Structure formats: structure tokens, C-alpha cells
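Subject: Structure for you to look at

Dear colleague,

I am passing on the structure below, together with some notes on what was found in it. Please read the notes with the structure open beside you.

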Amino acid sequence: MQEIDVRGLACPEPVVRTMKALLKDPSGVCVLGDTAASKENIARFAAAKKYKLETEEKGGEFVLTLTK
Amino acid sequence: MKEPEVKLTKLSKCAGCGAKVGAGVLAKLLDDIRVRTDENLLVGFDKSDDASVYKLSEDLALVQTLDFFPPIADDPYLYGRIAATNALSDIYAMGGEPKLALNIMCVPKNMPKEQVHEILRGGYDAVYEAGAIVTGGHSIYDEEPKYGMSVTGFVDPKKVLTNAGARENDVLLLTKPLGIGILTTAARADMLSEAGRETMLRLMTTLNKAARDCMVKYRVHACTDVTGFALLGHLLEMAQGADLTAEISVKDIDMLPEAVALAELGILPEGVYRNREFAEAQVDPGDTPLKRLDVLYDPQTSGGLMIAVDPADAEALLEELRACVPSAQRIGVMKPAGEKRIVIV
């Protein structure tokens, strides 16, 4: 599964990169991020495009896994 | 229009009113600062209002405000114009007339002189359109550009419109559609349509002068401009200030369709979440779909006026506004204080 690192990026860059990754490979993506805003944005995108979303939080960072 | 070599919006992390310190954070920061007062100060910062108002005589009061932010548009002229329009708005929101403005500017050392000139030219043009003048300003070097103004205006002290004077049964009106923050965010990611871009720029460069000129003729009890704290943040201030509950109807609130579609995809500025954190506990969202709720929390740059008007004058004011502002809508009504300060139906 493709992995992207969006830590340190300002909104809406994290969700935009997630979108672009899924355009390349619609089966899924693993996103490593670090802000509540980007986590929420990506969750909204996942819901809109009907992706299954798994969230793992560690320290100030999170890993979101989107799968079809 | 020549394409700028360096996109201004790429030089900043957070655009426009999205860069504003969140209301909750701001309140905490200002919490134990000792405030001195003066019997002539009619409105000060302890009231979270749009501008301060100082009485000079029975018929004249001074209105002061300050606003600045990082680039919200790549075109320097438009950036300057938007920043100045946004700063002037707070004077209008108090029912006042702007007269004097001072530039506040931060420029990177390598910013081309033409770009600096264009930003200032935009600012000056907005001020002149308002019938005011620029009398000076101050600039410093900074890696990230910033621009805005300190504006001084005048108002009859007996006719000041604070954001706290709403009365029960007052009708709530809004003079510009919502979604500007979301559109500016999409623009930064090159995800905004050309039509959306034009609408966004047009809205941000529209002065609230026409709205103000209409509203002062009617029995308006409270007014604020909808900017960084979003509709819900500013409405919360109005409701708290008047000790009432604001009931708003989501289907009556004009939201830019492209903003709603972008909200559904998660193209949201960080400010949405800051505003949500500040106001959420006092909002009953009812069945409002998340994407529309996000637009209600979307920080606006240079947004419209939100007006609380006597019900007997509401229809007449609404009709007059419809002739001269981008979008005049009746969005709700003020009711007696309930469990929450804002109820969305």
C-alpha cells in the first residue's frame, strides 16, 4: 500500500496529497500526519469517497489507513 | 494581469482571517491583563466588539480598529485591496464612517519593489472607495509578508451599533454568502474553479459601506461583521452579549455551493476547527449536515455584516439591502436565552 508523510504541512496540503495518492492508486493509502485539522480533513474525504478509515494515534502523530 | 513570479500565497502558512488567533485562546491570553478605563470609552476590548469607540462630544465619537494578515491572494494589488476592505469593515460594523487609515506592512527583503507598490495601491484604492484617506503607516522586514491597516472613523455616540445590543424577537440578517475561507484554502491548493475564484475575490473586495448606509436608516439594535470567528463565532458573541439565544435556519443561509462541495471533501482551513472548539459547546446543531456545519464554522475574510433589526423594520431593510449588497438574507431570529446560545434548525 502506498504511504505518504504529511507531517508539518499546512492545510489543505495533507488532504490534497491524500487525494492525489488515491487518484494514482485507488485501492488505498497510509497517511502519517501530525495535526488534528489534517486528521479531520482526511476523515471527511474518506467518508465522502466511501473509504474505510482506520486511525492509529501515537504521541502527537497519527496514522490513517484508507482502504476500499 | 501579469503572472507574479513568486506566488504570494505560497509565502504564508495560513491565509487571511484563518491566521487569526482563536477566540478561546485570545480570551485566555488577555485574561489577566489589567484594563484601565475612561468614562468616555463607550466600547473597549473587554466587550469583544469590532472596534473601540471613544466619545469626543455629545454628537461625535471616535472609532478605531486594526486588522492585518498574510497573503490571501497571489495578485499583490488584490491582496492589498482585500486586506484594506477587511480592515474598513469593522468601522462599518459599528455603524461608523471611516475617515483615516494607517498602513501596517511586513515585507521580505527580496520582495520586488513593484509587488510592494501593488499591495499598497490596492490598499489605497479600497480606502479611497470608502471615502477615506491614508495618512501614513509603518513597515518592517519579515520573512512572511503581512499587510493591513489601522482605521479611524467617526460615529454619533447615540447611534453606535455594538454587537451586544440585540433584543428578543430581533430578526437576523446577513449581507454576504458564506464559504470564503474554504474557497481561499482551495485556491492555495489549486483546487478552485475560475468562476469560484472570481466570486471569492469579488466578495472579498466588496466594502460593507452599502450595507452600513442602508442599516443606519432603520431600527438596528446590534451589528457585527462576520470574519475570522465565522458566522457561529460572531453570532455567539452577539447572543452572549445580549443574553439571548439565536435561532438560525440553515436552509436560509446563503452558502457558496462550491464551498459546500469542498467542505464535503475535507478541503477545510484549520480555522474551522479552532472556531468549532470555541463555539461548539454553545451550539445545538440539530440535523445540520456536517458539510454545512463546517461552512458555518468557516473563518471569513472580509465577510458581510450580520444585523439584528427590530422585527417591524426587517422587511423594509431586507428589501433595501437586496438592491445593493451581494446577498441579503434573513437567517434567523433572537429568542429568550435557552440551554444553548445558538440553535440551528
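A:Lys50 lies in the loop of chain A between α2 and β3 (52-58), where helices (H or I, at least four residues) and strands (E, at least two) are DSSP runs numbered from the N terminus. The phi of A:Lys50 is near 60 degrees, a positive value in a residue other than glycine. For background, most residues other than glycine have a negative phi, and most peptide bonds are trans.

Please keep in mind that this is a predicted model, in which local features need pLDDT of at least 70 and side-chain atom pairs count only at pLDDT 80 or more, while totals for chains, interfaces and linings use all residues. Residues are numbered from 1 along each chain as its sequence is written, chains are lettered from A and ligands numbered from 1 in the order in which they are written, and side-chain values use heavy atoms, with hydrogens and water left out.

Within chain A, the axes of α1(A) and α2(A) come within 8 Å and cross at roughly 35 degrees; axes here are lines fitted to C-alpha atoms, for helices over the stretch in contact, and angles run from 0 to 180 degrees between N-to-C directions. In this contact (heavy atoms within 4.5 Å), A:Pro14, A:Val15, A:Thr18, A:Met19 and A:Leu22 of α1(A) meet A:Ser38, A:Asn41, A:Ile42 and A:Phe45 of α2(A).

In chain B, helix α2 (residues 76-93) and helix α3 (residues 113-129) have axes that come within 6 Å and cross at roughly 40 degrees. The residues of α2(B) that meet α3(B) include B:Pro76, B:Tyr77 and B:Leu88, and those on the α3(B) side include B:Gln115, B:Ile119 and B:Glu129.

Turning to the two chains together, 14 residues of chain A are in contact with 17 residues of chain B. Chain A and chain B bury about 1,200 Å² between them, 66% of it on carbon and sulfur atoms, buried area being the accessible area (1.4 Å probe) that two parts lose on being put together, summed over both. Between the chains there is 1 salt bridge (a side-chain nitrogen of Lys or Arg within 4 Å of a carboxyl oxygen of Asp or Glu), in which the side chains of A:Arg44 and B:Asp294 meet at 2.6 Å, N to O. On the side of chain A that touches chain B, the elements that give two or more residues are α1 (13-24) and α2 (36-48) of chain A, and the largest share, 6 residues, comes from α2(A).

With best wishes
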